[in-house]
Each structure stands twice: as structure tokens, then as C-alpha cells.
Amino acid sequence: MKFLELMKKKGLVAAHRGARSIAPENTLSALKKSIGKCDFIEIDVQLSKDRTVIVMHDNTLQRTTNIAEIDSFRDKKPYRVCDFMFEELCMLDYGSWFYKYKNHKEPLLTLKRALEFIKENSLFINIEIKDMSNCFEDRIVIETIAKEIEEAGVQERVLISSFRHEYLIIVKEKLPNVPSAALVEGRDPDNLLEYLKSLKVDAYHIDNALVDKTKVKMLREIGFFVGVYTVNNPQLAKELFEIGVNYIFSDCLNKKLKVI
């Protein structure tokens, strides 16, 4: 099955940053624990200083690593991901912050390993490309990520999304057979339908505050898929699916969100 075929199904649930309610977000442990609890996995990616594609949400390392505990890195504040070489990032612990008092360390997850994992387990993955325009040229970002997807041979199992819509135009050029989605927060772009068509995207991902029954219906009738983030309430999930939303992104995979 291709990702576009999966998206046609009703009531899909995506694991937001993996199973982040029960494992450290965007780690291999989170991906493993999401198996059987979702229809596809969502991760965030960005580049290290030497252009290795790593799985990480924040543009700084302080919240989800032990970077502040390492004296040799203190001169690198505010700890931007793009200021660190891959070898340096591998020195950090990506799990103890989550487990609190447990000595449960997690290694860095790369996009390459994440793609190997979904291929090994016949899974689907939404790759959200974080905005790195203050560190790298757009084309460099997309070409680097596209190369890893092609080398892994998982084009049919991937959906690419981003808040930086300039990326999406290059994605369609480099990976024409990979579906893409425009991520939006706060307000819709002007002339929404024409705007989405200009990006050549397949889907529109919005926060719950932007959900409107009429808008969802209009998008669906034109042929766009609609995803909503971040939905952790089963009743809200039910209401969204009832008005035609295709899938939701959730942190709480242990809740009964599959209502259709």
C-alpha cells in the first residue's frame, strides 16, 4: 500500500513524535512503542552542522537532551542543533529527561535509522521538516533529505510536511511521487485553495483552532486530505472525524481515539 492510499481511509491516527506520552519523543524507543497503536508515525527532522539529518523537534537541544550538564558545550549556548556536528550530537542523552529519576538513556535517532525502521516493520511515516532557513539554504535542506529517502527506497511509505512552504515546492520537484502537506498554525493563507494548488501539495495540516466544518468539506471535495494536530481527547477526535477530517496527530496513543 502507498501512503496516498492509506490517507483515503477514515479515522486515521498518527503518532505525534512517536509514542511521546510513554517514551521520549522522536527516539527509536518512541517509534517502537507506537507500533500497533497508530496508522502512521510522525517525526521532525533537521540538519546537524555537517548536514546529517537527525530526528529532533526543537531547534535547540536544551529541552530534550542533557546538553546543559556537559561543561565542554557551555560556550555553545543557546545550543542550536545546527551549531553542532553529528559526532557532538551523538554524545548526548535523549531520554533521561523524560524518565526523570530513572537512568534510562536514549541515543540520537537519525532519519536514516528511522527510515530503516519503517521499512523493516512495513510502517508509514510523516516527516515534518523543521524550518532551517536561518542555517541552510532551502535547496540544500531538501536535497539532503530527499537523498536519504531515495537511498532507503521508501518513497511509497513517506509523507512530507512543513511549516516552511518554500520547502514543499522543492520537495515536489525532487520527489514527485511522494505526497506532501502544508502545515499551518494561527490563520489560513489567503485564497486557500489556490494557494494549496500552487504548492502542489496533497494535504493540509492545521491546528484544532482552525478547524471549520465548511472548510473541511470544501477541501475534501477539491481532493485535499485534512489532518489536525494535536488531538488527545477521544470526543474531539470523534467530532473531527465526523466532519470529514482524514487523520489526527496525537500524543496519547493509549487512549481510544480510533472511533471510526
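In the predicted model, helices α8 and α9 cross in a right-handed sense. Helix α8 comprises residues 192–199 and helix α9 residues 213–222; the two pack at an angle of about 40 degrees, and their axes lie 11 Å apart. This angle makes α8 oblique to α9, since angles under 35 degrees would count as roughly parallel and those of 65 to 115 as roughly perpendicular. On the side of α8, the contact is formed by L192, L193, L196 and K197. The partners contributed by α9 are K215, M218, L219 and I222. By class, the residues of the contact between α8 and α9 comprise six nonpolar, no polar and two charged.

Helix α6 spans residues 138–152 and helix α7 residues 165–174; their axes come within 9 Å and cross at roughly 45 degrees. With this angle, α6 is oblique to α7. The crossing of α6 with α7 is right-handed. In α6, the residues that meet α7 are D138, R139, V141, I142, E143, A146 and E150. They face E166, Y167, I170, V171, E173 and K174 of α7. The contact of α6 with α7 holds six nonpolar, no polar and seven charged residues.

Two packed helices are described by the angle between their axes and the distance between the axes. For α8 and α9, these values are about 40 degrees and 11 Å; for α6 and α7, the axes cross at roughly 45 degrees and come within 9 Å.

Terms used: Residues are numbered from 1 along each chain as its sequence is written. This is a predicted model: local features need pLDDT of at least 70, side-chain atom pairs count only at pLDDT 80 or more; totals for chains, interfaces and linings use all residues. Side-chain values use heavy atoms; hydrogens and water are left out. Axes are lines fitted to C-alpha atoms, for helices over the stretch in contact, and angles run from 0 to 180 degrees between N-to-C directions. Helices (H or I, at least four residues) and strands (E, at least two) are DSSP runs, numbered from the N terminus. Angles under 35 degrees count as roughly parallel, over 145 as roughly antiparallel, 65 to 115 as roughly perpendicular and the rest as oblique. A crossing is left-handed if the near helix is turned anticlockwise from the far one by less than a right angle, and right-handed if clockwise. Contact means heavy atoms within 4.5 Å. Ala, Val, Leu, Ile, Met, Phe, Trp, Tyr, Cys and Pro count as nonpolar, Asp, Glu, Lys and Arg as charged, and the others, Gly among them, as polar.
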